[in-house]
Each structure stands twice: as structure tokens, then as C-alpha cells.
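Here is a short tour in questions and answers. Look over the sequence and the fold before reading on.

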Amino acid sequence: MVKHEKELVYDNFLKIIKDKIPERGKLAEKLVNILLIEKEAVYRRLRGEVPFTFTEILTIAHEFGISLDSLIGVAPSRKLAFQLKMTDYIDISEDDFVMYQEFVDVLKVVRNGLYSEYGFASSILTLHFIVEYEYIYKFYILKWAYQFGSPGSARSYSDIKIDERLRKNNEDFIKEALNVTYTYVIWDELLFDHLTNDIKYFANINLIKESEIQLLKQDLLKLLSDMEKMAETGCFNSGNKIHFYVSSLNFETTYTYLETSEYYLTLIKTFSLNEVASLDKEVFHKMKTWIQALKRTSTLISESGEVQRIAFFEKQRKFVENL
């Protein structure tokens with residue numbers, strides 16, 4: 001029977017760590033020390049009876065100096081390797097849930113680290129700022145469904161239902177994301193203009209009712225108030241720092257990096273709600289350098305910059321009020 005691609009990647013991972021420490025007893029002892037699990041649990045993983053979790057693989061790769069690109073057969077010369085994380089938000093499969101949970105598991109690593117950093121440059125609202133606002137989140141799923149659904153079978157806003165498991169995964173994501181030591185976001189100055197124009201389009205093609213627009217407006221105004229409070233304090237409710245910047249330059253989508261003590265993750269938003277991801281260190285440093293450079297052409301509106309902060313949020317509220 002031909003093995004699935006994921007099985008081949010996993011087999012490759014087991015081969016690499018066994019090649020690193022050929023003596024089985026020493027390898028098991030090493031894994032016990034870095035994973036903090038029982039020796040028998042390690043042996044079950046080495047025998048293939050129980051798989052290593054994604055977080056365990058990241059921990060081992062970091063400790064053993066294993067390039068994650070090598071697991072999928074990417075040649076060293078092809079450093080800029082990305083993987084598309086494509087989730088179906090309407091007919092969510094078990095694989096979709098597994099992939100989403102893997103990302104949440106990756107975030108759990110930040111709990112035990114001394115420092116972690118999340119950086120965003122975005123022309124659209126990021127997941128941090130939409131999943132807790134049901135009407136806004138439903139709109140993003142509507143947009144995704146409209147772009148990826150079959151021609152002539154467009155769903156209306158009222159047809160969109162948020163799967164309960166997806167809702168739970170979103171709650172887990174927010175819980176873990178708030179553990180990141182320092183987060184900063186660089187917004188497009190026309191952030192809510194882009195969003196409200198999209199809403200108007202779907203209203204014009206009769207996929208959103210007037211009553212639903214009013215619910216969206218309420219959610220958007222609540223979000224703006226919550227964002228403004230975060231900008232004033234420079235903190236999440238968890239106490240970890242968040243800084244907001246407003247860019248003077250335009251950019252096309254959302255660019256993200258996540259830095260922890262154990263790995264480097266780079267994400268680029270595509271297809272409305274999906275992302276391409278890379279765990280390559282060189283890709284990460286290029287993205288971080290670019291986003292840091294973008295800060296120099298942006299205005300800090302959190303904690304300091306009170307005049308600019310008030311002006312920014314008033315401008316965004318006007319976009320929403322004009323819905």
C-alpha cells in the first residue's frame with residue numbers, strides 16, 4: 001500500500017533522529033530529558049505505536065538541530081519554502097481540525113519560554129481581532145465561501161453557521177495567543193474602509209440583509225472600542241504587551257511572524273482566511289526585518305501618540321457609521 005505523504009514525512013523524522021543517536025537507549029534517555037515524559041512513552045513513540053505530537057516534533061527538531069524543511073525533502077538551496085494551510089470553513093473535515101489544533105499546539109510552546117514575540121502588518125483584521133466577535137467572524141466566512149463556493153450557489157450571510165468545534169478551537173487560539181510576551185500590529189490606515197466596502201458589496205448583491213448590517217455595525221463599533229482601550233493601555237487583559245502602529249504605506253495582505261525560544265514561524269495571509277506558512281529561519285528573519293522597517297514609516301498610537309490614536313479610531317468609526 002502506498003503511504004500517505006504525512007506518513008512519509010513522519011517516517012523521515014524518525015529516521016533522522018535515530019541516525020542522530022543510533023544507540024536506542026541513549027536516544028530514549030535524551031528524549032525523556034527534553035520532552036519530560038516517561039521512558040516507556042518514548043519507546044512507544046519510537047516503535048511507532050504512538051505518534052510524536054507536533055509540539056514534541058518542534059522541540060526535538062530544535063534540540064537536535066534538524067531543519068524542518070528536510071523532513072519534507074526540501075533541498076538546502078531552496079530556503080524559501082512555504083506550505084499552504086488551506087481550511088474549508090464550510091464543510092470542515094477532521095484533517096482541518098487536526099491542522100488547526102496543531103497551530104494551537106505550536107502556540108502552547110510560548111507558555112514555558114522566557115520571551116516570545118508576535119508581529120503583524122495587516123490591511124485586514126487578523127484572527128486575534130475577529131474570532132470573539134461572532135457577526136464579524138461570520139462575515140469573513142461568508143467572504144471565503146463566496147470566493148471558493150461553486151458558481152451560482154452563493155450562500156447568504158444567514159446561511160453561515162460557525163461549527164462548535166471551530167468555535168472551541170478559536171477560544172483555545174485566543175487563550176494561547178495572549179501568552180505571547182509582546183505583540184505588535186501595524187494597521188493599514190484604511191483598515192475599516194476596506195472591510196466596510198466589502199460588506200457593502202455583499203449587501204448590494206443581496207447576500208446580507210439590512211438587519212444583519214446593523215448587527216455587524218454593533219460588533220464593529222464594539223471591536224473598535226475594545227481595540228482603543230488596548231491601545232490606551234498597551235496591554236491585553238492578560239497583562240502582556242501589545243502595541244499598535246498605523247502605517248503610512250500600503251500593503252496588500254497580512255504578514256505575520258511568531259518568534260519563540262524553540263522555533264520561528266512566518267505566515268502570509270491568502271484566500272481571505274487561509275495562510276501560507278514557513279518554519280524556515282531565513283524566511284523568518286527576512287519577514288521580521290521587513291516588518292521592523294515598516295515600523296519606521298508608521299505612527300505608534302498605543303500608550304503614547306494620543307492625538308494620532310484618537311484621530312485613527314474616529315476615522316475608523318466614520319467608515320463603520322457609513323454602512
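This is a predicted model: local features need pLDDT of at least 70, side-chain atom pairs count only at pLDDT 80 or more; totals for chains, interfaces and linings use all residues.

Q: At what angle do helix α2 and helix α3 pack?
A: Two packed helices are described by the angle between their axes and the distance between the axes. Helix α2 covers residues 24–35 and helix α3 covers residues 39–46. Their axes lie 9 Å apart, and the angle is about 120°.

Q: Which residues of α3 make the contact with α2?
A: α2 passes α3 in a right-handed crossing. From α2, the contact uses Arg24, Gly25, Leu27, Ala28, Glu29, Leu31 and Val32. By class, the contact has seven nonpolar, one polar and three charged residues. The α3 side is made by Lys39, Val42, Tyr43 and Leu46.

Q: What is the distance between the end C-alpha atoms of helix α6?
A: Helix α6 runs over residues 94–108, which is 15 residues. The expected span is 1.5 Å times one less than the number of residues.

Q: Which residue in β6 is the bridge partner of Thr256?
A: Strand β5 (residues 255–259) and strand β6 (residues 264–270) run antiparallel, joined by five bridges. They form a hairpin with four residues between them. In β6, the partner of Thr256 is Leu267.

Q: Which residue in β7 stands opposite Ile268?
A: β6 also pairs with strand β7 (residues 274–278). This pairing is antiparallel, over five bridges. Opposite Ile268 stands Val276.

Q: Is Thr183 buried or exposed?
A: Thr183 lies in strand β3, residues 182–187. Beyond its neighbours up to four places away in sequence, Thr183 touches Tyr118, Phe120, Phe236, Lys241, Ile242 and His243. Its relative accessible area is 1%. Buried means under 20%, so Thr183 counts as buried.

Q: Why does Trp290 count as partly exposed?
A: Trp290 sits in helix α11, residues 281–295. Partly exposed lies between the buried limit, under 20%, and the exposed limit, over 50%. Trp290 falls in that range because its relative accessibility is 36%.

Q: How far apart are the C-alpha atoms of Trp290 and Ala121?
A: Leaving aside neighbours within four places in sequence, Trp290 is in contact with Ala121, Phe251 and Tyr255. Along the chain, Trp290 and Ala121 are 169 residues apart. Yet the separation of their C-alpha atoms is 9.6 Å.

Terms used. Residues are numbered from 1 along each chain as its sequence is written. Side-chain values use heavy atoms; hydrogens and water are left out. Axes are lines fitted to C-alpha atoms, for helices over the stretch in contact, and angles run from 0 to 180 degrees between N-to-C directions. Helices (H or I, at least four residues) and strands (E, at least two) are DSSP runs, numbered from the N terminus. A crossing is left-handed if the near helix is turned anticlockwise from the far one by less than a right angle, and right-handed if clockwise. Contact means heavy atoms within 4.5 Å. Ala, Val, Leu, Ile, Met, Phe, Trp, Tyr, Cys and Pro count as nonpolar, Asp, Glu, Lys and Arg as charged, and the others, Gly among them, as polar. Two strands pair if DSSP finds at least two bridges between them. Buried means under 20% relative accessible area, exposed over 50%, partly exposed in between (1.4 Å probe, protein chains only).
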